[in-house]
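Work through the exercises below with the sequence and the model in view. Each task is followed by its solution.

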Amino acid sequence: MLENIISELEKQFQLEAVDHNSSDLVFLTIDRDHAVMAIDLLKWKFGYKHFVLLTAVDFLEEGKFQLTYILNNPDTKTDIGVRVRIDREDANMVSAHHLWPTVATYQRELKEMFGIDFPGSPRLNDPFILEGWEGTPPYRRDFDTKAFAASFYHQREGRTTNDPATYMKEKLYPNE
Amino acid sequence: MGEKILFALISLFLTINYGFLMNGVIRKIYARVGRRHGIPFYQMYIDLIKTLALRTNIRHGTMFYLGPVFRFAGGVGLFLFTPVVFGSAMFGNLSFSGDVLLLLSFQFFGTLGMALGAGESGHPNAAIGVTRGLAQMTAVEVPFVLALMGVAIQYDSLSLHDIVAAQQGGIMHWTLFTNPFIVAAGMLALLGSFMRPPFDVVLAGQEIPIGPPTEYHSNYMALMLSNRAIFPMAKAILFMNLFFGGANTYWEMMIKTFAVVMWSVFVGVSFPRFRVEQSIRWFLRVPLILGILGIVYVQFFMS
Amino acid sequence: MSLEDLNKKQIVSPDGEHFEVDPMNDYFCQDRPEEVKPVNKIVERFYNWARSESLWILGFGTGCGAIEMRPLMTPRFDAYRFGVQWRPTPRQANLLIVSGYLSTKTLKRVIRVYEQMQNPKFVMGLGSCTINGGMYFDSYNTIKRLDYYLPVDVYVAGCMPRPEALLAGFEELKKLIKAGKAEGANEYANKFDWYKKNQKEVIRDWDMPDYNW
């Protein structure tokens with residue numbers, strides 16, 4: 001079932017990697033410029049009509065963002081995830097809002113949280129959750145959330161933190 | 001005349017307190033049906049004091065002031081022109097011949113006042129609530145007026161006093177037994193005007209837009225709370241006079257109005273809430289047909 | 001709403017009439033809140049009793065703690081016994097429960113709601129998130145202590161506090177009100193500048209009037 005689709009896709013696109021997670025879920029890695037075309041094909045030709053989610057993972061060490069589009073075919077009850085690895089410094093991606101209107105909302109979120117640009121996506125720069133955020137987008141891994149919270153918010157003094165493992169060991173088994 | 005006004009004030013005072021306690025008991029019944037203990041039966045008084053005790057309040061303009069005043073005046077007016085106890089000097093109130101027509105206009109008076117007041121408050125929820133409330137009230141009015149007209153034709157009078165007088169002399173003389181159709185239409189209309197489920201979508205606390213009172217607080221709210229005590233009681237007294245033979249003592253009045261109010265409470269606890277368009281459709285179906293049947297019955301079978 | 005919406009603008013009415021609207025003055029009233037002193041001691045004591053026995057909670061859940069407020073209406077906990085009721089509008093409510101973590105985006109709404117409530121008004125901080133940040137102590141987007149932004153009368157500790165803890169919090173608040181110690185609204189009016197400074201430090205796009213009546 002999925003094999004047929006993959007072989008069909010392989011004729012038209014360069015699949016960088018194919019990861020079979022289970023019999024009804026497969027992840028394909030496609031390059032930045034062709035990924036949206038592949039999603040288009042999956043939607044209209046192979047019946048992956050339902051757009052489940054779009055998310056990003058920050059691979060700080062490799063200098064890459066990995067975008068994952070998960071699509072679902074409600075008739076065959078199978079899922080295909082399309083992975084795209086884009087450059088972290090100049091992070092931008094082809095917008096897919098013309099396929100499903102909801103994609104625009106996901107792209108707004110990614111723009112705000114990761115700073116990934118999707119040229120042409122509607123209302124891309126409107127505040128999504130953070131209102132008036134300045135500086136590094138908070139979901140990037142080089143953003144130090146603890147230091148930011150300590151300096152930006154009014155803290156209450158007297159808060160202590162314990163390592164759970166050693167703390168419970170001292171509490172429960174003080175003699176060992 | 002001065003004596004009459006004093007008596008009217010006394011009966012107004014008694015009935016307001018009766019209404020407050022009644023509202024508390026109703027809340028208690030609702031809670032008991034939900035297997036809760038619910039608020040204390042005197043909670044309404046504490047709420048009233050608390051709303052009066054607010055230190056600051058906001059005004060939005062003249063009509064915002066007058067809205068609750070109009071509403072309260074509507075409730076009090078409805079009460080003052082209804083004989084509470086038949087033939088009693090003390091609780092006879094200011095009933096006069098032709099008062100049925102006046103009562104009809106008092107019914108709508110308060111709602112219209114609220115519409116103006118809530119409109120001036122500028123809150124969108126208030127405006128939506130008032131439009132929905134007026135739409136529903138208009139639908140409720142249709143079977144109610146049919147029932148009222150049926151009673152007026154049957155007893156050939158527009159005076160509540162005469163209508164009650166004609167029903168004296170035993171339980172079988174009540175309109176309930178002489179003309180059950182219009183009583184059914186009237187009692188179904190009563191459900192709508194009491195603002196209890198299934199017809200309370202307009203100002204139910206559980207609906208996020210609570211409708212007309214959205215912006216009201218402090219003294220305005222206190223006036224509306226008082227009106228919520230007196231208006232249903234006045235309505236129940238009116239229905240008791242129209243359909244259930246009036247009352248000869250204050251105790252008889254209390255028992256009969258309690259039964260009338262309980263009718264709406266029992267319906268209220270058993271049924272979920274209608275949307276406005278559903279309730280309008282409902283009122284223009286069964287109660288309307290019953291009302292027309294009642295009038296036909298009066299016209300062709302009773303004379 | 002955004003900052004541009006608060007500027008003066010020309011509006012054309014349906015009848016073709018042109019007129020200028022200044023939202024800051026026409027839609028809002030920016031006057032500072034003022035402290036209202038109780039008039040008479042004995043009357044005030046009676047009023048305080050009524051206020052404490054009739055707590056009207058604003059039905060506004062800011063975080064996960066809102067889940068704990070729902071069981072209070074059910075037969076098992078039944079907060080109505082204690083005169084606690086829920087109101088859907090800030091005008092009629094006198095108790096604001098900040099239920100759990102408060103993101104800066106929600107803080108803006110909470111401030112607006114709090115300022116729309118009328119003078120004797122009380123705030124209850126629910127859960128450790130309102131006390132010291134709780135498990136969100138290192139979050140980039142939630143405030144760490146509520147009493148810098150709003151005058152809090154009672155804190156209910158726990159993550160999450162059970163409904164019983166909330167009931168105990170109500171009882172504690174009642175004692176405070178009866179003793180005349182729950183004067184959060186007056187405190188807010190007196191230390192208005194300090195509260196505003198703290199609020200504006202955290203809310204970076206302040207797009208509303210300084211005081212929302």
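**Exercise 1.** Why does the radius of gyration of chain C agree with that of a compact globule?

Solution. This is a predicted model, in which local features need pLDDT of at least 70 and side-chain atom pairs pLDDT 80 or more, while totals for chains, interfaces and linings use all residues. Residues are numbered from 1 along each chain as its sequence is written, chains are lettered from A in the order in which they are written, and side-chain values use heavy atoms, without hydrogens and water. The radius is taken over C-alpha atoms, and the globule rule is 2.2 Å times the number of residues to the power 0.38. For 213 residues a compact globule would have a radius near 17 Å; chain C has 19 Å, so the two agree.

**Exercise 2.** State what share of chain C is buried.

Solution. Buried means under 20% relative accessible area (1.4 Å probe, protein chains only). By this cut-off, 56% of the 213 residues of chain C are buried.

**Exercise 3.** Describe the interface of chain A and chain C.

Solution. Begin with the residues: 21 from chain A and 26 from chain C take part in the contact, meaning heavy atoms within 4.5 Å.

Next, look for salt bridges (a side-chain nitrogen of Lys or Arg within 4 Å of a carboxyl oxygen of Asp or Glu). The rule finds three across this interface. One of the salt bridges joins A:R156 to C:D147, with the closest N and O atoms 3.0 Å apart.

Technical notes. Buried < 20%, exposed > 50% of the residue type's maximum accessible area, 1.4 Å probe, protein only.
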